[in-house]
Amino acid sequence: MNSFVQLTDSVFYIMAAFAQPKHGYAVMSEIEELTGGEVKIGPASLYTNIKKLLGEEYIVLYDESDSRRKVYTLTDKGRSVLRHDLERRQKMIHFAQIELKGEVSHD
C-alpha cells in the first residue's frame, strides 16, 4: 500500500459503507442517514468514485445477479487503505482535541 494515500472525505465515507456488501443506492442513503444529512453523495459522484475504487482494486463487484443493482464490497487492499486513513484521521482529531484543551505547552 502506498503510505501517502489520503482519502477524500467522500471516498472515505464510500469505502466505509462498502465494508459490508451494498449497492450504490444503499451507500448513498446510509451515508446521508448516518451523518444526519450533513453529507450527501449524489449518483454521479458515487459512480465516478466506484469506477476509481474498482480500478485501484479497493472494491470488487460482489453480486451482479440483479442487473439494476450491482453490489460491491471492500477488498483486503481496500480495508487496509481504509484502516490506514482511519488511523490518520484519529491522530488528527486527537491532535485537535489536545490543542483545543490547551494541554500542550508552547514554551
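## Basis of the description

The model is predicted, so that local features need pLDDT of at least 70 and side-chain atom pairs count only at pLDDT 80 or more, while totals for chains, interfaces and linings use all residues. Residues are numbered from 1 along each chain as its sequence is written, and side-chain values use heavy atoms, with hydrogens and water left out.

## Helices H1 and H4

Helix H1 covers residues 9–17 and packs against H4 at an angle of about 125 degrees, with the axes 10 Å apart; axes here are lines fitted to C-alpha atoms, for helices over the stretch in contact, and angles run from 0 to 180 degrees between N-to-C directions. H1 and H4 are therefore oblique to each other, the term for angles that are not under 35 degrees (roughly parallel), over 145 (roughly antiparallel) or 65 to 115 (roughly perpendicular).

From H1, Asp-9, Phe-12, Met-15 and Ala-16 meet Gly-78, Val-81, Leu-82, Asp-85, Leu-86 and Arg-89 of H4, where contact means heavy atoms within 4.5 Å. The residues of this contact comprise 6 nonpolar, 1 polar and 3 charged, with Ala, Val, Leu, Ile, Met, Phe, Trp, Tyr, Cys and Pro counted as nonpolar, Asp, Glu, Lys and Arg as charged, and the others, Gly among them, as polar.

## Arg-89 within H4

Arg-89 lies in helix H4, which spans residues 76–101; helices (H or I, at least four residues) are DSSP runs, numbered from the N terminus. Arg-89 is buried, at a relative accessible area of 18%, given that buried means under 20%, exposed over 50% and partly exposed in between (1.4 Å probe, protein chains only).

The side chain of Arg-89 makes a polar contact of 2.6 Å with the side chain of Asp-85, and a polar atom of the Arg-89 side chain lies 3.0 Å from the backbone oxygen of Leu-7. A polar contact is a pair of N or O atoms within 3.5 Å; within protein, one must be able to donate a hydrogen and the other to accept it, and residues adjacent in sequence count only if both atoms are side-chain atoms. With neighbours within four places in sequence left aside, Arg-89 is in contact with Leu-7, Thr-8, Asp-9 and Phe-12.

## Helices H2 and H3, and Gly-55

Helix H2 (residues 24–34) and helix H3 (residues 43–55) pack at about 120 degrees, with axes 10 Å apart, and are therefore oblique. Gly-24, Tyr-25, Val-27 and Met-28 of H2 meet Pro-43, Leu-46 and Tyr-47 of H3, a contact with 6 nonpolar residues, 1 polar and no charged.

Gly-55, also found in H3, is exposed, with a relative accessible area of 62%.

Notes:
Helix = DSSP H or I, 4+ residues; strand = E, 2+ residues; numbered from the N terminus.
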